[in-house]
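The following exercises are to be worked through with the sequence and the structure in view. Each task is followed by a solution in steps.

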Amino acid sequence: MGKRPIQAASLWVRRQPPKVKAFLAVVTGMAALVLLRVIVHDHDNLFVAGEAVHSVGICVLIYKLTKEKTCAGLSLKSQELTALFLAVRLYCSFVMEYDIHTLLDLSTLATALWVIYMMRFNLKSSYMEDKDNFAMYYVVVPCVVSALLVQPSTLHTFINRFFWAFCVYLEAVSVLPQLRVMQNTKIVEPFTAHYVFALGVARFLSCAHWVLQRIYDFPVIFVFYFLFPSSTLCFIFPFFPQVLDSGGRLLTALGYGLWPSMVLISEIVQTFILADFCYYYVKSVFGGQLVLRLPSGVV
């Protein structure tokens, strides 16, 4: 009985046109942010929660590789992109802001390198190379260009600011090869589905942490997100506090002034890239299906 309302709601959503689905997604995201703002008083806990969920996903991945002895359904290219942005971010942490995040990145990088080693050597026979056909330069080149154009406004050297921006942009799109693999196979086995879902949840929590840190004292911004979800205002308005605190200095140089907006956009891109997959994952779990089957056009 409990599944019928969920199934009915799912069927109703599927029947809606794309614009209505997009509107519902925006409203759902806003509602989730409002709920998190109410129940979580220290928004830094959202970042910790995101890291914890990511760790759970990594544990699932380790179990899959060590116990199941297979890497079928995993994208080696996504793991390599993950290792790349983590290595760059680790360098930035050492030279710019050494803290607890440095240790977290170091452990995550070590895990990513281990996964790459397992996929390239020990479990190479189960690697689906023909399905992992996403061209990496489609991801890396735009990130390099974006990092050259828009960087953080700090006093660090150009190369450090470039690396910082590059790892932020690359992290946002590093999961694309993994989504391509799932798009090619159409059937996602449980452990891979759990891992990718954990990435989606972790990135949503990270996005929520960053957004709520900016708009904590400005509830009216939610109105702008609701009325103008596709407007430039929804990206500019959260940074009014920074403009006021800086006496307008953030408005004097577009190259540097765009950096906060680019970070926010990157966080949102990370979340929405995985949103469609997470929807079908939740639907599959409530439907009691162990193997996730993706319809055409998903991810």
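**Exercise 1: A residue in a helix**

T108 is placed in helix α5 (residues 100-122); helices here are DSSP runs of H or I with at least four residues, numbered from the N terminus. The model is a predicted one, in which local features need pLDDT of at least 70, side-chain atom pairs count only at pLDDT 80 or more, and totals for chains, interfaces and linings use all residues. Residues are numbered from 1 along each chain as its sequence is written, and side-chain values use heavy atoms, with hydrogens and water left out.

Task: Determine whether T108 is buried or exposed, and which residues it is in contact with, leaving aside its neighbours within four places in sequence.

Solution. 
1. Buried means under 20% relative accessible area, exposed over 50%, and partly exposed in between (1.4 Å probe, protein chains only).
2. T108 has a relative accessible area of 12%, and therefore counts as buried.
3. Contact means heavy atoms within 4.5 Å. With neighbours within four places left aside, T108 touches H54, I58 and L86.

**Exercise 2: A positive phi**

Task: Locate K69 and state its phi.

Solution. 
1. K69 lies in the loop between α3 (44-67) and α4.
2. Its phi is positive, about 55°, although K69 is not a glycine. Most residues other than glycine have a negative phi.
3. K69 counts as exposed, because its relative accessibility is 57%.

**Exercise 3: Confidence**

Task: Where in the protein is confidence lowest, and where highest?

Solution. 
1. pLDDT is the predictor's confidence in each residue, from 0 to 100; the protein averages 75.
2. The lowest mean, 38, belongs to helix α12 (residues 240-245), and the highest, 94, to helix α6 (residues 137-149).
3. Over residues 216-255 the pLDDT is below 50.

Definitions and conventions:
Helix = DSSP H or I, 4+ residues; strand = E, 2+ residues; numbered from the N terminus.
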